[in-house]
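User: Hi! I am new to reading protein structures and would like to learn feature by feature. Could you put one up and walk me through it?

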Amino acid sequence: MPEATLGYDLGNGFAVELSYQKSGGSLTNVSGITTGPSGAVTGTANLTPTGGDLIFTSTMIKGIYNIPTDTTAIYYPYIGLGLGKTNIKLDKVTFATNPTPNSIDGSATSMQLTFGNRFKFSQGWFGDVAANYTHI
């Protein structure tokens with residue numbers, strides 16, 4: 001899913017980034033949600049959804065540190081730590097016991113650890129490959 005990032009180089013290997021990320025997909029298994037006749041959450045049980053999506057959208061501010069190594073145009077590793085807010089949405093979820101579509105959403109504080117590598121191309125262009133671990 002997409003991510004958009006705007007960053008500023010602070011010098012001496014440090015940078016700050018503001019990022020917006022979206023992830024999720026088709027819902028295949030939910031544990032711990034029971035719905036009543038009106039679709040409201042009423043208790044806990046193991047239910048298997050018959051349809052719907054799980055969607056996460058996060059806004060993060062991250063501190064980035066470029067790891068001091070023998071960098072090249074292809075090898076320029078970095079690590080980052082971020083803090084932000086994640087919105088969580090169960091969209092049009094249906095269950096065998098309640099086929100009425102349910103939409104449930106909320107938000108939580110989240111933290112993110114990032115490991116990445118920046119590939120520098122010509123004339124100021126670059127690309128990143130990164131792995132993010134987000135704790136919500």
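Analyst: Happy to! Let us begin with a salt bridge, which is a side-chain nitrogen of Lys or Arg within 4 Å of a carboxyl oxygen of Asp or Glu. Here R118 forms one with D128, and their closest N and O atoms are 2.8 Å apart. R118 lies in strand β9 (residues 98-120) and D128 in strand β10 (residues 126-135), so the pair ties together parts that are 10 residues apart in sequence. Strands are DSSP runs of E with at least two residues, helices are runs of H or I with at least four residues, and both are numbered from the N terminus.

User: What should I know about the model and its numbering before going on?

Analyst: This is a predicted model, where local features need pLDDT of at least 70 and side-chain atom pairs count only at pLDDT 80 or more, while totals for chains, interfaces and linings use all residues. Residues are numbered from 1 along each chain as its sequence is written, and side-chain values use heavy atoms, with hydrogens and water left out.

User: Are R118 and D128 buried or exposed, or partly exposed?

Analyst: The general idea is a scale: buried means under 20% relative accessible area, exposed means over 50%, and partly exposed is in between (1.4 Å probe, protein chains only). R118 has 18% relative accessibility, so R118 counts as buried. D128, at 37%, is partly exposed.

User: What else does R118 take part in?

Analyst: A network of salt bridges links R118 with E17 and D128. R118 also lies over the face of Y78, at 5.5 Å from the ring centre. For a charge to sit over a ring, NZ of Lys or CZ of Arg must be within 6 Å of the ring centre and within 35 degrees of the ring normal.

User: How many salt bridges are there by this rule?

Analyst: The count comes to 4. One of them joins the side chains of E3 and K62, at 3.8 Å from N to O. E3 lies in strand β1 and K62 in strand β7, so this pair ties together parts that are 59 residues apart in sequence. E3 is partly exposed at 41%, whereas K62 is buried at 2%. Another salt bridge is between K89 and D91, at 3.9 Å from N to O. K89 is partly exposed, with a relative accessible area of 33%, and D91 is buried at 17%.

User: How do I read a pair of aromatic rings?

Analyst: A pair of aromatic rings is described by the distance of the centres and the angle of the planes. Rings of Phe, Tyr and Trp (its six-membered ring) pair if their centres lie within 6.5 Å; planes under 30 degrees apart count as stacked, over 60 as edge-to-face and the rest as tilted. By this rule there is 1 aromatic pair. F14 and Y65 form this tilted pair, with 4.9 Å centre to centre and 45° between the planes. F14 lies in strand β2 and Y65 in strand β7, so the pair ties together parts that are 51 residues apart in sequence. F14 is partly exposed at 43%, and Y65 is partly exposed at 31%.

User: Which residues make the nonpolar surface patch?

Analyst: Y8, L10, F14, Y65 and I67 make a patch of about 500 Å². Patches are made of residues with over 30% relative accessible area and no salt bridge: like charges are joined within 9 Å, and nonpolar side chains (Val, Leu, Ile, Met, Phe, Trp, Tyr) within 5 Å. Areas come from the Shrake-Rupley method with a 1.4 Å probe; for residues, only the protein chains shown count as cover. Y8 is in strand β1 (residues 3-11) and is exposed at 57%.

User: Where is N12, and what is its phi?

Analyst: Most residues other than glycine have a negative phi. N12 is not a glycine, yet it has a positive phi of about 55°. At 76% relative accessibility, N12 is exposed. As for where it sits, N12 is in the loop between β1 and β2 (14-26).

User: Which residues does T57 touch?

Analyst: Contact means heavy atoms within 4.5 Å. Not counting residues up to four places away in sequence, T57 touches Y20, Q21, K22, K85, T86 and N87. T57 is in strand β7 (residues 49-66) and is buried at 15%.

User: How many helices and strands does the protein chain have?

Analyst: The chain has 0 helices and 10 strands. Buried residues make up 31% of its 136 residues.
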